[in-house]
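Please read the following alongside the sequence and the coordinates.

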Amino acid sequence: MSSNSSMRTPLGRVRGLGSAKSGTGHFWLQRVTAVANVFLTIVFLGVVISLFGKPYVAAVATLSHPLVAILMLLFTLSGAVHMRLGMQVVIEDYVHHEGLKILAVMANTFFAIAIGAACVFAILKLSFGG
Amino acid sequence: MAETKPIARPLSPHLQIYRWSWTMAMSIAHRVTGTALYAGTVLIAAWLVAAASGPGAYETAQAIAGSFLGRLVLFGYSFALLHHMVGGLRHFVWDMGHGYEPETRTNMAKYSVFVSAGLTILLWVVAYAMR
């Protein structure tokens, strides 16, 4: 771990990027969203379980409450980023064909954004749509 | 001319060759639950979009979600989510540089099952009590 035993060149150390060409960005964002998700997951599950089987008016009343809506939005964003990063690692582990891998990683990004957009739109419409 | 035939070289051993251990099982479980949760977001998004679409769509979604199968899927989803969360907490411990001793890591893996199962039941009891 000490710097004098490092195999890296000074330039490589300054750039701090390594073989993935993106440095520790992926790893760190995975951890940051994971920390956020510990709290947001509990809130999210509590909201969904308590709303199950409830009539429409009651469900909309809860979901459009500012505090619930904001926490649901945060969980959607943090969750979408986290699951995109996680699935990318799974793809990179198991899909060995270079072209297929790029396509799968791209499709993964589209999926995460589509799910995130759908949830954000739904939560905002429930809050503002009337 | 010498023919070059591909030689059947031994492959590096994979899952089936190792004796199952708690850490191995929970590592696999972490990835499996992550993948399942990824797929499950489609259901969550569909439920939210249905609620945003109006009473008609919501009633349809609720009829499916409120059925025994629907509740079973939500129970499984919540357990997968909490198990993945507890697995993530183990990773935080490792990230801090702790918990690498054989006994500690096996215990953490073992207890992650019971902790996440307990959390799931607790959450359902609390959520139902708040209704």
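In this predicted model, B:Tyr58 is buried, because 22 other C-beta atoms lie within 10 Å and the cut-off for burial is 20 or more. The residue lies in helix 2 of chain B. Leaving aside residues up to four places away in sequence, B:Tyr58 touches A:Tyr56, A:Ala59, B:Ala50 and B:Ala51. Its contacts therefore include residues of chain A as well as residues of chain B. A reference point elsewhere in the chain is B:Leu119: the two residues are 61 residues apart in sequence, and their C-alpha atoms are 29 Å apart in space.

The contact between the chains can be taken next. Chain B contributes 29 residues to it and chain A contributes 26 residues. On the side of chain B that touches chain A, the elements giving two or more residues are helix 1 (22-53), helix 2 (55-65), helix 3 (68-95) and helix 4 (102-129) of chain B. Helix 1 of chain B gives the most, with eleven residues. By residue class, the side of chain B that touches chain A has 17 nonpolar, seven polar and five charged residues. For the complex, the predictor gives an ipTM of 0.87 and a pTM of 0.87.

Helix 4 of chain B deserves a separate look. Which residues of helix 4 of chain B are buried? They are B:Met108, B:Ala109, B:Ser112, B:Ser116, B:Thr120 and B:Leu123. These buried residues pack against helix 1 and helix 3 of chain B, and also against helix 2 (25-51) of chain A. Helix 4 of chain B has a kink of about 30 degrees, centred on B:Tyr111. As for its length, the 28 residues of helix 4 of chain B should span 40 Å at 1.5 Å a residue, and the end C-alpha atoms are 40 Å apart, which agrees.

Chain B as a whole has four helices and zero strands, in the order α-α-α-α along the sequence. The radius of gyration of chain B is 22 Å, well over the 14 Å that the globule rule gives for 131 residues, so chain B is more spread out than a compact globule. Taken along the principal axes, its C-alpha atoms fill a box of roughly 75 × 50 × 25 Å. Of the 131 residues of chain B, 27% count as buried, B:Tyr58 being one of the buried residues. Among the contacts in chain B with a separation of 6 or more, 69% are between residues 24 or more positions apart. The mean pLDDT of chain B is 92, and 98% of its residues reach 70 or more.

Chain A has five helices and zero strands, and its elements run α-α-α-α-α from the N terminus on. Its radius of gyration is 20 Å, well over the 14 Å that the globule rule gives for 130 residues, so chain A is more spread out than a compact globule. The C-alpha trace of chain A spans about 65 × 35 × 25 Å along its principal axes. Of the 130 residues of chain A, 25% count as buried. Residues 24 or more positions apart make up 69% of the contacts in chain A with a separation of 6 or more.

Methods. Residues numbered from 1 in each chain as written. Chains lettered and ligands numbered in written order. Predicted model: local features only at pLDDT ≥ 70, side-chain atom pairs only at ≥ 80, totals over all residues. pLDDT = per-residue confidence, 0-100. Contact = placed C-beta atoms within 7 Å. Nonpolar A, V, L, I, M, F, W, Y, C, P; charged D, E, K, R; others polar. Rg over C-alpha atoms; globule rule 2.2 N^0.38 Å. Buried ≥ 20, exposed ≤ 12 C-beta atoms within 10 Å, placed from the backbone. Expected span 1.5 Å × (residues − 1). Bend = angle between axes of the 7 residues up to and from the residue.
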